[in-house]
Amino acid sequence: MQITPKLNNIETSIFSVMSALANAHDAINLSQGFPNFKSDQKLIDGVSRAMNSGYNQYAPMAGSLELRKAISKKFDILYNSSYHPETEITVTAGATQAIFTIISTFVKPNDEVIIFKPAYDCYEPAIKLNGGEPISIALEAPNYLIDWNLVEHSINNQTKMIIVNTPHNPTGTVMSEHDMLKLQELTNETDIIILSDEVYEHIIFDAEQHQSICKFQNLKERSFITASFGKTFHNTGWKIGYCCAPKDLMEAYRNVHQFNVFSVHHPSQKAFTDYLKDSSHYLNLPDFFQEKRDTFLSLIKDSRFKFTPSKGTYFQVLAYSDITTMNDVEFAKQLTTKNGIASIPLSVFYDNKQDHNVLRFCFAKTNETLKQAADILNRI
């Protein structure tokens, strides 16, 4: 019997590769994007309290209404924009599940989806699984800005969707108001759906303003936002997030969501509902993570790595061309196996493995871990 899988020749995720290498060599793991410090004890206690109070059966398919109301209020506070909690917000098993379900809901064979590379690695497989064709537009180092002329020339009658990600993983850049207005201009009076991956919306630095898609009414009318409580509140293992969209798009989404995941961990939903009542829990996050970024960069300022400070996310790109001519994959593996620190090479995210001699490091770590990492980087 010959079995042909729908995804052929898919390599093991670079995140899995580098984390496994870090574990094998007892290296400091700054490759995968998760904090190594505790989530707020209030949240942990909230989940326990919810379980002890009986929130142990299925939540509603779209998520707890109380949580959806809390999410709606957050949009009002942050962006002076609103989503109806009953019809325009769905709680998901993390942002990746939301992204997969959005793509599965709308992308059909031969549809084209524009993505910007380097890109988070879940976009392209989901497009291909649904018979779509990813149309990649490369972001060039060191600024990783979108070339809107290339976007304009890439749009055609087959374009079903454009995926944007701001703040951007893996480069740490953020889209400006100008970027959003160009996206709005190019897609105006089209049926193109925008998928806006905003999982790092609260991790933005230097008084920058997050340009959420919901702030631009023409874009909002045909866009999804995906978000992650795990990324926001230091508990990625809980796998809980949400997505927002106008009612007609959300109705179509839920038709697929109900057969994909149906509902999400109920005790966590109850805990997040209570936690969001205090807006300082997310309003203070930019300062919290900027302190992490600034600490890390201060510790390595005298190293041979070069950098432009990350504008958002909890990732920092470091250039190493003053150190070696090795390609980024080889150098990342050498740093892990010989020097004891793991990172992510960016070339793996490009179609042509474009190598800018840069590596991505996660600074969502305790200050002790950042100091240990910096000691290694300063010796290289």
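Modeller: Here is a short talk about cysteines, a sheet and a helix. This is a predicted model, where local features need pLDDT of at least 70 and side-chain atom pairs count only at pLDDT 80 or more, while totals for chains, interfaces and linings use all residues. Residues are numbered from 1 along each chain as its sequence is written, and side-chain values use heavy atoms, with hydrogens and water left out.

Biologist: What makes Cys122 count as buried?

Modeller: Buried means under 20% relative accessible area, exposed over 50%, and partly exposed in between (1.4 Å probe, protein chains only). Cys122 has 15% relative accessibility, so it counts as buried. Cys244, with a relative accessible area of 0%, is buried too.

Biologist: Why are β9 and β11 called edge strands?

Modeller: Strands are DSSP runs of E with at least two residues, and helices are runs of H or I with at least four, numbered from the N terminus. The open sheet has the order β9-β12-β11, with antiparallel pairing. β9 (315-319) and β11 (344-345) each have a single partner strand, so one side of each is left without a neighbour in the sheet.

Biologist: How do you know that β11 and β12 pair?

Modeller: Two strands pair if DSSP finds at least two bridges between them. β11 and β12 (residues 358-362) have two bridges, so they meet that definition. In this pairing Ile344 stands opposite Arg360. β9 and β12 pair over five bridges, and Phe315 has Cys362 as its bridge partner.

Biologist: Why is β12 described as largely enclosed?

Modeller: Five of the five residues of β12 are buried, so the rest of the structure largely encloses this strand. Val358, Arg360 and Cys362 are buried on one side, and Leu359 and Phe361 on the other.

Biologist: Which residues of helix α1 are buried?

Modeller: In α1 (residues 14-24) they are Ile14, Phe15, Met18, Ser19 and Ala22. On the face turned away from this buried side, α1 carries the exposed residues Asn23 and Ala24.
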